[in-house]
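Dear colleague,

Please find below the structure that I would like to hand over to you. A summary of the findings follows it.

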Amino acid sequence: MLFATLEHILTHISFSTISIVITIHFITLLVRELGGLRDSSEKGMIVTFFSITGFLVSRWASSGHFPLSNLYESLIFLSWALYILHTIPKIQNSKNDLSTITTPSTILTQGFATSGLLTEMHQSTILVPALQSQWLMMHVSMMLLSYATLLCGSLLSAAILIIRFRNNFHFFSKKKKMF
């Protein structure tokens, strides 16, 4: 009962924080001069990461197995993995252009998972003995980390294609006006 209450509290904290971060993120996209809001967005992402981590640890302790048994837990883990990809450039003190891709991905994945659309999946289920293998849990967790990396790479390539299309479109439209 204690773990269920803790999971419920952590889920509401992460969803509330994500709702605020979404609003801040859209405001900073519209008005670029508001640097303080961007810092608030990053602090909100940190709060969300710790609440997701607490949720995953609590679910692991209460169920007795790594929390990847259903779609709800997998989406929570996927948003956790996206946040890890979001913080890697910051740890290396490099310019974080990847955050323009990872921040919305993390926000949308976490928002969908905790939105209440999957309420029937919030209950942890007991795994059949064949699925309780440690190797299987390692495989599933590595696959979800790979999916997060693949998602970031796909979104980054789509963004690059859109930017190139816009540049070519402006170039040819200017050239056409010259003639």
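Glu73 is buried, with a relative accessible area of 0%. Please bear in mind throughout that this is a predicted model.

The side chain of Glu73 meets that of Arg59 in a salt bridge, with an N to O distance of 2.6 Å. This pair links distant parts of the chain, since Arg59 belongs to helix α2 and Glu73 to helix α3 (residues 71–91), 14 residues apart. Arg59 also forms a salt bridge with Glu7, where the closest N and O atoms are 3.1 Å apart. Glu7 lies in helix α1 and Arg59 in helix α2, so this second pair ties together parts that are 52 residues apart in sequence. The count of salt bridges comes to two. Through shared partners, Glu7, Arg59 and Glu73 are joined into one network.

**The cavity**

A search of the whole structure finds one cavity of 30 Å³ or more, and the volume of the largest cavity is about 30 Å³. Which residues line the largest cavity? The lining consists of Leu10, Thr11, Ser14, Ser51, Ile52, Phe55, Ile76 and Gln110. Helices α1 (2–30) and α2 (35–63) each contribute at least two residues to this lining.

**Surface features**

On the surface, Ile9, Ile13 and Val47 form a nonpolar patch, and together they have about 230 Å² of accessible area. Ile9 is located in helix α1. Its relative accessibility is 44%, so Ile9 counts as partly exposed.

Tyr147 is found in helix α5 (residues 134–178). Tyr147 is likewise partly exposed, with a relative accessible area of 44%. How far apart are Tyr147 and Leu78 in sequence and in space? The two residues are separated by 69 residues in sequence and by 7.8 Å in space, C-alpha to C-alpha.

**Points to take from this**

With kind regards

Key: Residues numbered from 1 in each chain as written. Predicted model: local features only at pLDDT ≥ 70, side-chain atom pairs only at ≥ 80, totals over all residues. Heavy atoms only, no water. 1 Å grid on protein atoms, 1.4 Å probe; cavity = no way out; pocket = protein on both sides within 12 Å on 5 of 7 lines; lining within 4 Å. Points joined across faces, edges and corners; volume = space filled by probe spheres on them. Helix = DSSP H or I, 4+ residues; strand = E, 2+ residues; numbered from the N terminus. Patch = residues over 30% accessible without salt bridge, like charges linked within 9 Å, V, L, I, M, F, W, Y side chains within 5 Å. Areas by Shrake-Rupley, 256 points an atom, 1.4 Å probe, with all protein chains shown as cover. Salt bridge = Lys/Arg side-chain N within 4 Å of Asp/Glu carboxyl O. Buried < 20%, exposed > 50% of the residue type's maximum accessible area, 1.4 Å probe, protein only.
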